[in-house]
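Hi there,

Here is the structure I promised to pass on. Have a look at it first, and then read my notes below.

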Amino acid sequence: MSEHTHQPDSGRSRDLPMARSMCWHCQSEMTGEYFCGRCVKVQPLSKELDYFTCLNLPRKLNLDEQALEETFYALSRSFHPDYYATKDEGEKAISLGNTALLNTAYRTLKDPVQRAEYLIRLEAGSAKDIRTSPPADLFDEILELQEDLEEFRSLSAGESDARRQELLEKLQAERQALEARKAQMESRLREQFGRWDALPADGDVTVQAQKDAVLTGMQEILSNRTYVKNIVNDLVAATSPTGDDGRNIWH
Amino acid sequence: MALIVGIDLGTTNSLVAHMASDGPRVIPGARGQTKVPSIVGLTDNGLLVGDPAKEYLVRDPSRTIYSVKRFMGKAVADVADELKYFPYTLQEKGGVIRIQVGEKTYSPPQVSAMILKELKLRAEAHLGEEITKAVITVPAYFNDSQRQATKDAGLIAGLEVLRIINEPTAASLAYGLQQNTQGNIAVYDLGGGTFDISILKLKDGIFEVLATNGNTHLGGDDFDRRLVDVVIRDIDARHGVKVEDSPELMQAVRLEAEKTKIRLSDEPQAHMAVTLPDGKGTYERTWSRDEFEALVLDLVEQTMTPCRRALSDAALETGQIDEVVLVGGSTRMPLIRSRVQKLFGQTPHCDLNPDEVVALGAAVQAGILAGENKDMLLLDVTPLSLGIETMGNVMSPLIRRNTTIPTSAKEMFTTYVDGQTGVDIHVLQGERELVKDNRSLARFQLKVPPLPAAVPRIEVTFLIDANGILNVTASDIRTGESQSVQVKPSHGLTDEEVETMIRESFQFAAADIQARQVIEARTEADAIIMATEKALQRGTDLIPAEEIESIHHAIEALRVAKAQEDHRQIRAGIADMEKVTHHLAEVLMDATLKEALESKKLSEVTD
């Protein structure tokens with residue numbers, strides 16, 4: 001956060017990091033929250049702003065969903081372009097940029113999986129991108145499943161119907177098993193959420209090591225979960241009678 | 001603050017509304033009618049819009065354009081399967097449909113602009129001030145090209161489009177204002193040409209759209225066509241007349257089918273009659289509601305899949321929907337009401353006029369934009385995923401469907417070859433893996449300084465604004481310089497084309513009320529002269545020679561009046577014509593009745 005230098009704030013309980021310490025419009029020193037104290041123009045949010053700070057939440061994984069929604073609605077009322085339609089171009093552009101950032105922040109934190117992925121990136125840096133990998137103990141099972149799926153896809157309706165039916169039943173059973181497995185992973189992820197939240201925000205080397213362990217643990221669960229989810233999606237697409245929703249881009 | 005109007009630019013009908021002191025009001029025309037048929041007649045006398053154009057449709061279909069909304073943001077290939085229902089020839093230039101009328105061609109935004117201008121005039125006449133700003137509604141499932149085309153139409157009509165808003169969302173604003181509803185609501189919107197389903201969460205004045213889905217090619221027009229197809233076969237079998245060969249007859253059949261469909265919403269049976277050309281008699285048939293419903297059942301079923309998808313995207317079960325609202329003229333069909341009721345397990349609301357509710361909502365949004373309403377705020381979503389083409393003809397997604405707008409996504413680009421100076425980017429919209437299965441939105445080329453491969457770093461920001469329209473910006477990360485991006489739309493008009501069309505639109509400036517009245521009167525005069533000449537042929541032997549003489553005189557007089565610029569003189573001529581032909585009309589009517597009775601007797605004998 002190079003550009004952002006907070007003004008010590010007297011009355012307010014919080015203020016968001018703004019892109020500049022001076023009002024973009026009247027150049028007076030920023031003292032207000034999102035609006036210049038002097039000319040009342042809206043101020044751009046800092047590009048470096050993290051989503052938790054943006055939505056006034058501690059960096060925890062079990063969060064107060066109602067508080068999240070309330071803050072999102074309140075900030076939408078501050079920034080939304082619909083309330084800037086009659087303002088000048090500068091304010092319009094800031095309103096647009098701030099709202100786009102706010103919407104992304106809200107969407108990311110609202111969803112537990114995206115929230116965890118975001119926290120890992122935030123804490124561990126962007127270098128540690130989450131890759132998808134198969135759970136080690138499912139490796140052989142998945143290999144066989146992929147072969148069955150391949151064979152099922154190659155058989156068109158009308159030919160070798162008996163074999164097709166056999167494969168279909170097998171794949172449907174596999175799908176159920178994998179969905180159960182995915183649910184299991186999600187509850188393990190929730191356990192990690194509790195562990196993370198119990199750790200202090202700042203701490204010595206020991207705390208940092210504990211934090212790293214939780215992050216690594218979550219990362220593994222997430223990458224396995226994404227892998228399983230992709231296979232389940234493939235199975236749904238291949239075995240659904242209507243072909244409805246097909247192979248979707250959003251695995 | 002200049003007044004902002006709300007406009008519902010529909011497939012079949014369009015309306016304009018404004019925020020009055022006591023709430024949103026639809027602005028009526030001179031004769032009190034609120035709907036303007038979305039029909040444009042490019043006659044030899046000049047431009048006709050709305051009701052007069054609808055009358056003109058049966059007489060000169062090749063110069064009358066209707067349902068132009070189905071062509072917005074489309075290429076000819078996109079509408080190939082429905083061309084047989086349209087009386088005009090389509091061409092394509094720059095990925096955009098051009099409708100050929102006589103020697104000239106018109107893009108769909110130009111035709112829509114003619115309708116918008118009519119609404120603008122209507123609002124100006126009613127409110128007594130110039131209108132330059134508007135909120136225009138579009139189907140929620142409209143893609144970027146279709147939204148941009150709508151915005152272009154506004155520009156061509158001389159309107160600054162402050163916001164494009166989604167029709168079901170607009171409807172929810174009108175309902176929300178009236179009833180102060182809270183909770184989850186589903187808006188089922190089936191109009192003349194499009195279907196939308198939107199799921200919203202209403203809380204303390206915030207209207208948050210959770211998910212939207214739909215079909216931009218499914219509506220009342222398609223229901224009419226099912227009837228039309230049966231009638232065409234019937235007429236051929238019974239009378240040996242090929243309807244497809246006569247555009248006039250085709251339009252007569254289409255309009256009669258529409259009327260029959262509408263009557264069947266209120267009555268269990270409806271009678272249909274179409275006069276065939278060249279004295280081939282009259283085609284008649286009585287339809288029962290059951291027969292009609294059997295014809296269109298699958299179309300109604302087609303609306304169910306989007307409903308389920310929207311619910312699934314909103315992560316809600318039908319039981320969690322607190323209210324269901326019906327919007328659009330087609331939801332008057334009992335079959336649709338019962339099907340929606342069955343899906344959601346509750347009686348849908350239709351307290352507000354389904355034809356007017358979208359325009360009313362657009363006026364509410366206009367009030368919000370004007371700063372008059374700080375209680376309500378709409379948080380809408382983008383209906384389709386946005387992505388770019390990557391290696392192997394695959395779409396790589398950037399922004400997911402049902403993401404709250406405005407929203408942005410950033411993507412870093414570099415080069416593969418030393419000294420490469422450009423990177424081509426192809427932007428897509430849709431939900432499928434392969435490029436060819438998605439909608440191509442635009443292409444552009446990033447400018448890159450000549451450097452070794454993989455050294456340049458250009459960051460591109462794809463921003464979807466509050467209108468659901470894409471904006472692209474790029475900046476060089478190494479130098480921090482931003483570069484302008486010239487986006488070439490795949491199915492849209494270029495800025496230059498829009499400018500030319502704005503200039504051309506003044507040629508068709510029917511702005512002068514006087515001129516409009518003359519055009520309408522002339523068109524009516526043409527119609528009555530044509531009808532009278534036809535009647536004279538049939539009735540020569542039935543009335544005295546002096547009477548024929550005086551009718552010929554009246555026709556001549558009307559022709560003379562028509563050539564003048566005074567619409568009152570033309571109207572007077574029309575009135576005279578009606579007077580002198582009164583007797584002839586009576587005589588012909590009697591003759592027709594007699595014929596009908598005789599043929600009936602004949603059929604009784606032969607049966």
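The largest nonpolar core has 157 residues, and B:Val5, B:Ile7, B:Val40, B:Val135, B:Val253 and B:Ala362 have the most contacts inside it. Helix α10 (residues 357-369) of chain B gives the most to this core, with 10 residues. Another core lies apart from it, with 16 residues, including A:Phe72, A:Phe79, A:Ile94 and A:Leu109. Do keep in mind that this is a predicted model.

Take B:Val5 as a way in: leaving aside neighbours within four places in sequence, B:Val5 is in contact with B:Val16, B:Ala17, B:His18, B:Ala123, B:Ile131, B:Ala134, B:Ala363 and B:Ala366.

Next, have a look at helix α4 (residues 167-179) of chain B, which reaches 18 Å from its first C-alpha to its last. Of its 13 residues, 11 are buried, so α4(B) is largely enclosed by the rest of the structure. Among the buried ones are B:Pro168, B:Leu173 and B:Tyr175. Just after α4(B), B:Asn180 takes a positive phi of about 55°.

Then there's strand β27 (residues 458-464) of chain B. β27(B) pairs in the antiparallel sense with strand β24 (residues 407-413) of chain B over seven bridges, and B:Thr461 is the bridge partner of B:Lys410. β27(B) also pairs in the antiparallel sense with strand β28 (residues 470-476) of chain B, over seven bridges; here B:Thr473 is the bridge partner of B:Thr461. β27(B) and β28(B) form a hairpin with five residues between them, and B:Gly468 in the turn has a positive phi of about 80°.

Cheers

Notes: Residues are numbered from 1 along each chain as its sequence is written. Chains are lettered from A and ligands numbered from 1 in the order in which they are written. This is a predicted model: local features need pLDDT of at least 70, side-chain atom pairs count only at pLDDT 80 or more; totals for chains, interfaces and linings use all residues. Helices (H or I, at least four residues) and strands (E, at least two) are DSSP runs, numbered from the N terminus. The expected span of a helix is 1.5 Å times one less than its number of residues. A residue is buried if 20 or more other C-beta atoms lie within 10 Å of its own, exposed if 12 or fewer, and partly exposed in between; C-beta atoms are placed from the backbone. A nonpolar core is a set of buried Ala, Val, Leu, Ile, Met, Phe, Trp, Tyr and Cys residues joined through C-beta atoms within 7 Å. Two residues are in contact if their C-beta atoms, placed from the backbone, lie within 7 Å. Two strands pair if DSSP finds at least two bridges between them.
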